[in-house]
Amino acid sequence: KTAYEIRPRDWSSDVCSSDLVLYRLVALGVLESGDTPSSEEHALKSARAIALSRAGEPTLRSDVVGRAASAVAAIPAVRGVLLDVQHNFAAGSHGKRGAVIDGRDIGTVICPDACAKLFVDARSEVRAHRRWLELNGLGIAREEQAVLSELLARDAADRARAISPLKQAPDADLLDTSDLSIDAAFAAALALVEPKVNTALAARL
């Protein structure tokens, strides 16, 4: 079983992973090759050649890559390839004792036996505003209402998909960050997770 350890000093690409980034990397590879994101052949080609070293590139946060990521994420074969990547990371392929992994099916599919799980959410309008601010920071001008519409559409699609739908795991703690700052959200997450991690680590001794 994987213990999820959250400590500020440890937050780096060595111990943190995101399925959002993985699907955006696949999408970026497809787009850069001039291929079609909704094509299983093209998406699989990119997934099998995924370049994790590019995980920090600002381009991944663009709307174009985001829409393409939604398309590749709906392809079961692509999810299968990335499932192996995520399982290996959670199992310790990064050389660390634990990991922090975020994504829409982490607690239900990727790491169902994790000792600590958070289902992090916020009101749709708040999430859209945060995304709008992020896009502005990247120099991407968008109407906030359009961002909200896209967010709602993606949520609906992710909840309705047959494979790995978006849903809260029965044993996951709900953390609503609607009215929390970044520091307050981190503190709330730590308060929920740390006791469970400590219990899991003690059981290993």
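The model is a predicted one. Its largest nonpolar core holds 20 residues, and α1 supplies the largest share of that core, with 6 residues. Helix α1 also meets α2, their axes coming within 8 Å.

**Nonpolar cores**
- Within the largest core, the residues with the most contacts are Tyr23, Val26, Ala27, Ile50, Val72, Val78 and Leu82.
- Two or more residues of this core come from each of α1, α2 (40-48), α3 and α4 (76-93).
- Leaving aside residues up to four places away in sequence, Leu82 touches Leu22, Tyr23, Val26 and Ile50.

**Where α1 meets α2**
- The two helix axes cross at roughly 115°, and the crossing is right-handed.
- On the α1 side the contact is made by Leu25, Val26, Gly29 and Val30, while α2 brings His42, Ala43, Ser46 and Ala47.
- Sorted by class, this contact has 5 nonpolar and 3 polar residues, with no charged ones.

**Helix α6**
- Helix α6 covers residues 124-137, and its end C-alpha atoms lie 20 Å apart; this agrees with expectation, because 14 residues at 1.5 Å a residue should span 20 Å.
- Val126, Arg127, Ala128, Arg131 and Leu135 are the buried residues of α6.
- The cover over those buried residues includes α1 (19-32), α3 (63-73), β3 (118-121) and α7 (144-160).
- After α6 comes Gly139, which has a positive phi near 80°.

Key: Residues numbered from 1 in each chain as written. Predicted model: local features only at pLDDT ≥ 70, side-chain atom pairs only at ≥ 80, totals over all residues. Heavy atoms only, no water. Helix = DSSP H or I, 4+ residues; strand = E, 2+ residues; numbered from the N terminus. Expected span 1.5 Å × (residues − 1). Buried < 20%, exposed > 50% of the residue type's maximum accessible area, 1.4 Å probe, protein only. Contact = heavy atoms within 4.5 Å. Core = buried A, V, L, I, M, F, W, Y, C linked by side-chain atoms within 4.5 Å. Axes fitted to C-alpha atoms, helices over the stretch in contact; angles between N-to-C directions. Left-handed = near helix turned anticlockwise from the far one by under 90°. Nonpolar A, V, L, I, M, F, W, Y, C, P; charged D, E, K, R; others polar.
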